[in-house]
Amino acid sequence: MSSDKPYSFDYPLSDEHLKAIGRITVEAAHTEAHLEYVIGNVLGLETDRIRAITVPLSMNQRLNLIYGLTLPYLSPSERTTFGNIIGELRAANNDRNDVIHAYWMDAPTGAIATKRTYDRGKVRFRWRADMTPNHLNKIAERLYTSWGKLVSFLYEVDVPNRQPYHNPFAVALASARTTELPDSPSLNAMVQILSRQKDPPQS
C-alpha cells in the first residue's frame, strides 16, 4: 500500500456504531484503571506502589485478585452478593473483549461483526448479527452500572477496617498489611496465586 495514499475508513460501521464502541472503550478503561485503587485500598497500599503489581494484570485477573483478597472478610450472604457483582462485571468485560477484538466486515446474513476463534491452529469466524449500536451501548451501560455496584458494595463493607471471618489466610493478610509488603517476595507470590485462581461465580 502506498504511504501517500489518503486515509479512508473503509469498514461497514456507522457513526452510531463507532460512538458506541468508543463508549465501551472509555468505560472499560475507566474500570480497569480504578481497580488499581480498589486493590490498593484492600491491601492498604498507595496507588503508585500497587501499580507495580497490577500493571501486568488483565481486567479479569484484577477481578480475580480483588475477589480473592476480599472474600475472607465477607459473611456468607455478602459473599453471594459480591460474587454476583463480580460475575456481572466479568460478563460485561467479556462482551467488551468480543467487541474490541472483533473483525468487522460485511456478511451474507447482513451481520457486520465476527468473533475470531482458534481451532487447531486455524482461525475461524463466527457471524454476530446482534452487534447493533443499541446492543453495543448496552454493553457500555453494563460496564458502568456493574462497576458502580462494585464500588458501592466495597464502600459499605469497608474491608480495611474489618476483622476476617476466622480464615487463617485472611488473618495473615490482615497482619501483613502493617508490614513492608511491597518489597516482600511473599506478596508477589500471593498475587500470582490469586490472579490465577478459579474464576468467581458468574451472575
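**Exercise 1. Helices H1 and H4**

What is the handedness of the crossing of H1 and H4? Describe how the two helices pack and what lies between them.

*Solution.* The model is a predicted one.

Step 1. Locate the helices. H1 covers residues 15–43, and H4 covers residues 76–100.

Step 2. Take the geometry. The axes of H1 and H4 are 10 Å apart, and the packing angle is about 135°. Angles over 145 degrees would count as roughly antiparallel, and 65 to 115 as roughly perpendicular. H1 is therefore oblique to H4.

Step 3. Assign the hand. H1 and H4 cross in a left-handed sense.

Step 4. List the contact. H1 supplies Ile21, Ile24, Thr25, Ala28 and Thr31. H4 supplies Leu89, Arg96, Val99 and Ile100. By class, the contact of H1 with H4 has six nonpolar residues, two polar and one charged.

**Exercise 2. Arg62**

Is Arg62 buried or exposed?

*Solution.* 

Step 1. Find the element. Arg62 sits in H3, which spans residues 59–70.

Step 2. Check the accessibility. Buried means under 20% relative accessible area. Arg62 has 5%, so Arg62 is buried.

Step 3. Name the contacts. Leaving out residues up to four places away in sequence, Arg62 touches Glu32, Ala33, Leu35, Glu36, Ile39, Thr54, Val55 and Leu57.

Step 4. Compare sequence with space. Leu35 is 27 residues from Arg62 in sequence, yet the C-alpha to C-alpha distance is 6.9 Å.

**Exercise 3. Asn93**

Which residues does Asn93 touch, not counting residues up to four places away in sequence?

*Solution.* 

Step 1. Find the element. Asn93 belongs to H4.

Step 2. Check the accessibility. The relative accessible area of Asn93 is 3%, so this residue is buried.

Step 3. Name the contacts. Beyond four places in sequence, Asn93 touches Met59, Asn60 and Leu143.

Step 4. Asn93 and Glu32 are 61 residues apart in sequence and 9.7 Å apart, C-alpha to C-alpha.

**Exercise 4. Asp158**

Where does Asp158 lie?

*Solution.* 

Step 1. Asp158 is in the loop between H5 (133–157) and H6 (168–176).

Step 2. Its phi is near 50°, a positive value in a residue other than glycine. Most residues other than glycine have a negative phi.

Step 3. Asp158 is partly exposed, at 32% relative accessible area.

**Exercise 5. The whole protein**

Summarise the fold in numbers.

*Solution.* 

Step 1. Count the elements. There are seven helices and three strands. From the N terminus they run α-α-α-α-β-β-β-α-α-α.

Step 2. Of 203 residues, 39% count as buried. The protein exposes about 11900 Å², and carbon and sulfur atoms supply 53% of that area.

Step 3. Check the contact range. Among contacts between residues at least 6 apart in sequence, 70% join residues at least 24 apart.

Conventions. Residues numbered from 1 in each chain as written. Predicted model: local features only at pLDDT ≥ 70, side-chain atom pairs only at ≥ 80, totals over all residues. Heavy atoms only, no water. Axes fitted to C-alpha atoms, helices over the stretch in contact; angles between N-to-C directions. Helix = DSSP H or I, 4+ residues; strand = E, 2+ residues; numbered from the N terminus. Parallel < 35°, antiparallel > 145°, perpendicular 65-115°, else oblique. Left-handed = near helix turned anticlockwise from the far one by under 90°. Contact = heavy atoms within 4.5 Å. Nonpolar A, V, L, I, M, F, W, Y, C, P; charged D, E, K, R; others polar. Buried < 20%, exposed > 50% of the residue type's maximum accessible area, 1.4 Å probe, protein only. Areas by Shrake-Rupley, 256 points an atom, 1.4 Å probe, with all protein chains shown as cover.
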